[in-house]
Amino acid sequence: MASKDRILRQKEETRNNILDAAYYIVKEEGWQGLSMRKIADRIEYTAPIIYEYFSNKEAILQELTKKGFLCLTKDLEKAKAVSTDPAEQLEAMWMAYWNFAFADKELYQVMFGVEMTCCMQRVPEAEGPFQLFTQAIAEIMKGQKPSDDVIKQKYFTFFSVIHGLISINIVGNGLASNINNQILKDAIGGIIKSIQVVEV
């Protein structure tokens, strides 16, 4: 039994080594530099061993996409915990989302297909951030009794603006930091105001 556990641990360790190697190659060379051969060379395995764990590069992209969404969900949960007010939670979460995109640009690129083809198969881990954001939106709008479709629409309003601004900065030369911050705060604050119930 002990040897079976050891074999499972070794397999998991090898799998993680492959993913870590892929991640660091991308950090150094960008997504276009990633190949199964380079991963094998980096960790001094033969290419067939890599294929025992991952059938192709797409399978590695999928695992890294999952990792990215799990990390983003943790960051959003921490941001949400700073306040009990749903509007403040929503603002803090979108700021955390923004920070995540630039702290780990390569993961963000594969998660959302910025300057590359993202994983073709949607991963269940992508639901984590979506649920956190839509729960906060639903809480802010609860007096209006919004439908799920309305909540989803409001989420995509936020996402379109913030993801768009992130993409401009990743793909292009980017905007000055103070301009980014002003646009971001204006956008988040403006959308939050638009979904809050106006007391008459």
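**A helix pair and its surroundings**

Tutor: In this predicted model, helices α7 and α8 are roughly perpendicular to each other. The reason lies in the geometry: the axes of α7 (residues 127–140) and α8 (residues 148–171) cross at roughly 115°, and angles of 65 to 115 degrees count as roughly perpendicular, so the pair receives that description. The two axes come within 9 Å, and α7 passes α8 in a right-handed crossing. On the α7 side the contact is made by F130, F133, T134, I137 and A138. On the α8 side I151, K152, K154, Y155 and F158 take part. By class, the residues of this contact divide into seven nonpolar, one polar and two charged.

The loop between α7 and α8 holds K145. The backbone of K145 has a phi near 50°, a positive value in a residue other than glycine. Most residues other than glycine have a negative phi. K145 is also exposed, because its relative accessible area is 71% and the cut-off for exposure is over 50%. A second residue of this kind is E44, whose phi is near 55°, again a positive value in a residue other than glycine. E44 lies in the loop between α2 (36–43) and α3 (47–53), and with a relative accessible area of 73% it is exposed.

The setting of the pair may be considered next. The protein chain has nine helices and zero strands, and its C-alpha trace spans about 70 × 45 × 30 Å along the principal axes. Of its 200 residues, 42% count as buried. Among contacts between residues at least 6 apart in sequence, 66% join residues at least 24 apart.

The largest nonpolar core has 60 residues. Within it, the residues with the most contacts are I39, I60, L90, W94, Y97 and F158. Both α7 and α8 are among the helices that each supply at least two residues of this core, as are α1 (2–29), α2, α4 (57–80), α5 (86–103), α6 (105–112) and α9 (177–195). The largest share, 10 residues, comes from α5. F158 links the two themes: this residue takes part in the contact of α7 with α8, and F158 is also named among the core residues with the most contacts.

M93 is buried, since its relative accessibility is 0% and the limit for burial is under 20%. Not counting residues up to four places away in sequence, M93 touches L76, A79, K80, L132, F133 and A136. F133 is one of the α7 residues in the contact with α8. The C-alpha atoms of M93 and K80, 13 residues apart along the chain, are separated by 6.0 Å.

M93 belongs as well to the packing of α4 against α5. These helices pack at an angle of about 145°, with their axes 8 Å apart, and their crossing is right-handed. The contact is made by G68, C71, L72, D75, L76, A79 and K80 of α4 and by Q89, A92, M93, A96, Y97 and F100 of α5. Nine of these residues are nonpolar, two polar and two charged.

Q109 is buried, with a relative accessible area of 8%. Its contacts, leaving aside neighbours within four places in sequence, are W31, V114, E115, M116 and I170.

L34 lies in the loop between α1 and α2 and counts as buried at 4% relative accessibility. Beyond its neighbours within four places in sequence, L34 is in contact with A22, I25, V26, I39, K57 and L61. The C-alpha atoms of L34 and A22, 12 residues apart along the chain, are separated by 6.7 Å. I39, with the same exclusion of neighbours within four places, is in contact with I18, A21, A22, I25, L34, I50 and I60. Both I39 and I60 are named among the core residues with the most contacts.

Definitions and conventions
Residues numbered from 1 in each chain as written. Predicted model: local features only at pLDDT ≥ 70, side-chain atom pairs only at ≥ 80, totals over all residues. Heavy atoms only, no water. Axes fitted to C-alpha atoms, helices over the stretch in contact; angles between N-to-C directions. Helix = DSSP H or I, 4+ residues; strand = E, 2+ residues; numbered from the N terminus. Parallel < 35°, antiparallel > 145°, perpendicular 65-115°, else oblique. Left-handed = near helix turned anticlockwise from the far one by under 90°. Contact = heavy atoms within 4.5 Å. Nonpolar A, V, L, I, M, F, W, Y, C, P; charged D, E, K, R; others polar. Buried < 20%, exposed > 50% of the residue type's maximum accessible area, 1.4 Å probe, protein only. Core = buried A, V, L, I, M, F, W, Y, C linked by side-chain atoms within 4.5 Å.
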